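Please look over the structure below before reading on. My comments follow as numbered points.

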Amino acid sequence: MEGNRGSSQRCALLRKIKEFTRAIVQDLSIGRSPIVLIDRFRVHCTNPQANCCCSSVLPNGKEILTLQRENHVHRLDVLLRVLLIVQQLLQENRHGSKRDIYYMHPSVFSEQSVVDRAINDICILMQCSRHNLNVVSVGNGLVMGWIRFLEGGRKFDCINRPNTAHPIPVQVEEVKDIVSVADYILVVEKESGKRLSRYPHQKQMAYDAKQLRCPEVCWLGVFPSDSEKYCLPQQCFLPLTAEDKKKAETMLNRCYLQREVPRWRLELELMLQRGVKFEIEALSVHSLSFLSKEYITSKIQGGVHI
Amino acid sequence: MEDLCNSSMRFFSDQHLCFADIIPPSEVRARIEVAVLNFLRILTSPAPAISDLPLILVQEKRVTQRELFYKLLCDSPDYFTSQLQVNRTIQDVVALLRCSRFSLGIMASSRGLVAGRLLLQEPNEEVVDCSACGSSGHAISGDLNLLEKLILKTDARYIIVVEKHAIFQRLAEDRIFNQIPSILITAKGYPDIATRFLLHRLSRAFPDLPILALVDWNPAGLAILCTFKFGSIGMGLEAYRYACNVKWLGLRGNDLQLIPEQSMVPLKQRDLQIATSLMSSEFLQENYREELAVMVQLGQRVEIEALYFHGYGYLGKYIAKKIVQANYI
C-alpha cells in the first residue's frame, strides 16, 4: 500500500530517467558523443584551519564523462546498466540492495565498489537520495517510546507497547502521521539501550546526506570527562586499540569537527590523550538504574550536552 | 588462585545431558543460597561471583552479560579480567543451580524477525498478523516468558528459516508466504536464544510443518543451520534445549550450476576454521559432511544473492521448485 507522495515521486524519477536516456540516444544518433556532467561534492577535508568550502549541500566542481575517453566508457556502461535495474525497481515498486544489483551482472561490474559509485552518480544526476531509487539496505534501527506513526497502512504504536522495541520500517519515506508527546529524542548507539551516537558521517552520499544528517543532534554522553564526575572505577577503563586511535586521529583531521562542533573535538582529544575508553555499561557498576534514573536525567535537566 | 583453579571441584558444565530449568526468581535465590553454603564449606574464601545475582533478582531487574562483566571487574578484579571468563562462570552457575540464564536475570536482546502466515497473540492483547507486517516483519521479543505465553495460530504448510536479513526482507516484500503458505523466520545471522525459542515453540505447536533453512553456501551458513538444528555448543548446559528438526533447502552443491562463475567468492581463513570445527563434530550427518568437503575443495563460497543473476523474481521460483520437489536434506 502506497502513499500518493511515494508514487508521484517515483513517476517523476522515471520521467527523469527517460529524459536522461533520450538525450544520450539523441546524441548518439547524430554521431555526437554524449556528455554526462556529474556534480562533485566534498563533505569534508583535512584542512586544519577549517577555512575550506566543504559542504554537504553545495557542489564543488563537476566531473565530465564522455564516450571519447576509454576509462569513461566502462564507467558509463556500468552506470547505464545500474540505471536499467533501478528503472525496473521503480516500475515494479520493488526494493533492492546494492549487493543484489552487483550480483545481476557480476562479470561486468567485477566488484561491489563499482556498483556503489554508479549508484552515487545516479543519485547526483537525478538529484535524489538512494532511497528514492528504491535501493535500500536492511533496516537496523529500532524505535521505542512516546511516538506513534503510520507506514504503508500499518500502525506503529510505540506508546501502547512501551517495553517493545519496534523495527524502523525500511520505506522511511512512506512514514506519515507522526504523533508524539515527547520532550526529547535520544539516539542510542547500542541495542542494549544505552549509548548515544554522534551524527552520521557521510562521505559521498551528497543527497542522502541532506535527508540523513541531523545538525541539531547534541552529544549527551558518554564523555571522557564523565569518568571523574561520576566516579567510575579505574578497572572500567579499557585501553584504546590501534584501530581506535587511528579512527580518532582521522576524525580530528576533519574540517567540520573544528568548525561546527569544537567541544566534541576537545573531548576526542582528551580521549586520545588518556589512551583509554569506556562503555556505557560501565555506568551501571554503581547500580543498574543509575544510567536511566540519574545519569541521563541529570544531564538533560542540567542542560549538559554539547 | 592457582590452587582454586586446580582444585578437585569440577563444575557440571561437562555433563551434556542435565536439564536447566526455567524457574521463578525466589526459587533461584533459594538455590543460590544452598549452593553458596555448600561452596563455602569447601573453600575458605568467599565466592564473590554469584553474590550479586540475588540482589538483581530481588529487584526483578535484568542485566546483560556485559554489565555483569563491569560489576565483577570492579568488585572482584582478582578473579575476573575478561568477558570470556565471565561468560564461562555464568555457564558454571547455570550448571550449578541447574537453571537457565534467563532465570538468573541475565538478559540478551533478540535479533529475530518473523513474517508470514502466523497469528500471534499475547494474552489479553491484540492479535498480530505477521502477514501484514510489511517487509520488516515482526520483531521477536527477547522476553522468553512472553514468548512462552504467546497464542499461535497458522495455516502455513512450511516454516522457512532464513540466514540473512536482506533475503528475509526480499521474501517478505515479495509476499512469498502467500504463494507458498509459509512462515518466514530469521535471526539475522547467528541464532539468538529468543529466535530459537520461538522456532522451537512453532515446531512443537505445529509438528507437521517441515522446517526448511535457506542459507549461504559456505561453512558459516552451515554452522547457522546446525545451531538451529543441534543447539549452540557455546551455551553449555542450555545447548540442546531448543534444537529443532531443520532441513537444508539451499543453497546446496547441486545449485551451483545456476550460478555464474564470477559470482563465486574465495573462502576466507575464518570460513576454513569453521569448516574444520564442523567436520570434527560428531553430530554432522554424512550428506552435510559431503557438502562441506566440496566447499573446502573448491575453496569457494556463494551467497544466496547470486541467484539474482536470473532476475529478482527468480529466488521465489527457486524456493517453490525445491519445496515442491521435496529437494531438501
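1. Ground rules. This is a predicted model, where local features need pLDDT of at least 70, side-chain atom pairs count only at pLDDT 80 or more, and totals for chains, interfaces and linings use all residues. Residues are numbered from 1 along each chain as its sequence is written, chains are lettered from A and ligands numbered from 1 in the order in which they are written, and side-chain values use heavy atoms, with hydrogens and water left out.

2. The interface. Chain A brings 39 residues to the contact and chain B brings 42 (contact means heavy atoms within 4.5 Å). The two chains bury about 3400 Å² between them, and carbon and sulfur atoms give 54% of that. Buried area is the accessible area (1.4 Å probe) that two parts lose on being put together, summed over both. A:Arg94, A:Tyr103 and A:Leu288 supply 20% of what chain A buries against chain B, more than any other three residues.

3. Salt bridges across the interface. There are four between chain A and chain B. The term means a side-chain nitrogen of Lys or Arg within 4 Å of a carboxyl oxygen of Asp or Glu. One pairs B:Arg66 with A:Glu279, with the closest N and O atoms 2.5 Å apart.

4. A residue to check. B:Glu173 lies in helix α7 (residues 165-173) of chain B; helices here are DSSP runs of H or I, at least four residues, and strands are runs of E, at least two, numbered from the N terminus. Is B:Glu173 buried or exposed? B:Glu173 is buried, at 18% relative accessible area (buried means under 20%, exposed over 50%, partly exposed in between, with a 1.4 Å probe and protein chains only). Leaving out residues up to four places away in sequence, B:Glu173 touches A:Asn93, A:Arg94, A:His95, A:Gln171 and B:Ser135.

5. B:Glu305 and B:Lys164 meet in a salt bridge, 2.8 Å from N to O. They sit 141 residues apart and link distant parts of the chain. B:Glu305 is buried at 4% relative accessibility. B:Lys164 is buried too, at 16%.

6. A pair within a helix. A:Arg22 bridges to A:Glu19, with the closest N and O atoms 3.0 Å apart. Both lie in helix α1 (residues 4-29) of chain A, three residues apart, about one turn. A:Arg22 is partly exposed at 46%, and A:Glu19 is partly exposed at 45%.

7. An enclosed strand. Four of the five residues of strand β9 (residues 246-250) of chain B are buried, so the strand is largely enclosed by the rest of the structure.
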